[in-house]
Amino acid sequence: MNLEWKIKRFKALTTIELYNLLHLRSEVFIVEQKCPYQDVDNKDQKALHLIGEDDGVTVAYARLFKPKDYFEDASIGRVVIKPTYRDKKLGHILMREAIYFMKHQFGETKITISAQLYLKKFYESHGFIQTSETYLEDDIPHIEMKKN
């Protein structure tokens, strides 16, 4: 695996990068999770896009928001790994990269996320703690989690 990380603002994304990240998000969040929802939500324009590529293939992705662009705190969302790469522990690498960039791009260490409930332990391993009851978002159980 030849993993390369990119961090880009929306306007700096090439059409190929944008297509690839939307394809990955659709593959996982809509098709795999059988959840028809509006993924293209007009928030991409405010986000920094963290993209992990293996020889030009988008295999890991997250979008990063500064405070007040999504939550009151800085935020990480749309955390996704290409299904064929999940056995490589890329989710942990992606979260470490996202947290690193939050600190170095925005000067932020206080982060709020809306996490799918089944990933609670995964996010706890990165220092997040549950701060809400379970709620449904697009018919999938979620919890709010914070890292201080």
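Student: Which salt bridge do K68 and E72 form, and at what N to O distance?
Tutor: The side chains of K68 and E72 meet at 2.8 Å, N to O. A salt bridge here is a side-chain nitrogen of Lys or Arg within 4 Å of a carboxyl oxygen of Asp or Glu.

Student: Is K68 buried or exposed?
Tutor: K68 is exposed, because its relative accessible area is 60%. E72 is exposed too, at 55%. Buried means under 20% relative accessible area, exposed over 50%, and partly exposed in between, with a 1.4 Å probe and protein chains only.

Student: Where did the model come from?
Tutor: It is predicted; local features need pLDDT of at least 70, side-chain atom pairs count only at pLDDT 80 or more, and totals for chains, interfaces and linings use all residues. Residues are numbered from 1 along each chain as its sequence is written, and side-chain values use heavy atoms, leaving out hydrogens and water.

Student: What does the chain average in pLDDT?
Tutor: The average is 95, and 100% of the residues score at least 70. pLDDT is the predictor's confidence in each residue, from 0 to 100.

Student: Back to charges. What is the N to O distance between D41 and R63?
Tutor: Their salt bridge has a distance of 2.7 Å. D41 sits in the loop between helix 1 and strand 2, and R63 in strand 3 (residues 57-65), 22 residues apart. Helices (H or I, at least four residues) and strands (E, at least two) are DSSP runs, numbered from the N terminus.

Student: Is R63 buried or exposed?
Tutor: R63 is buried, because its relative accessible area is 1%. D41 is partly exposed, at 21%.
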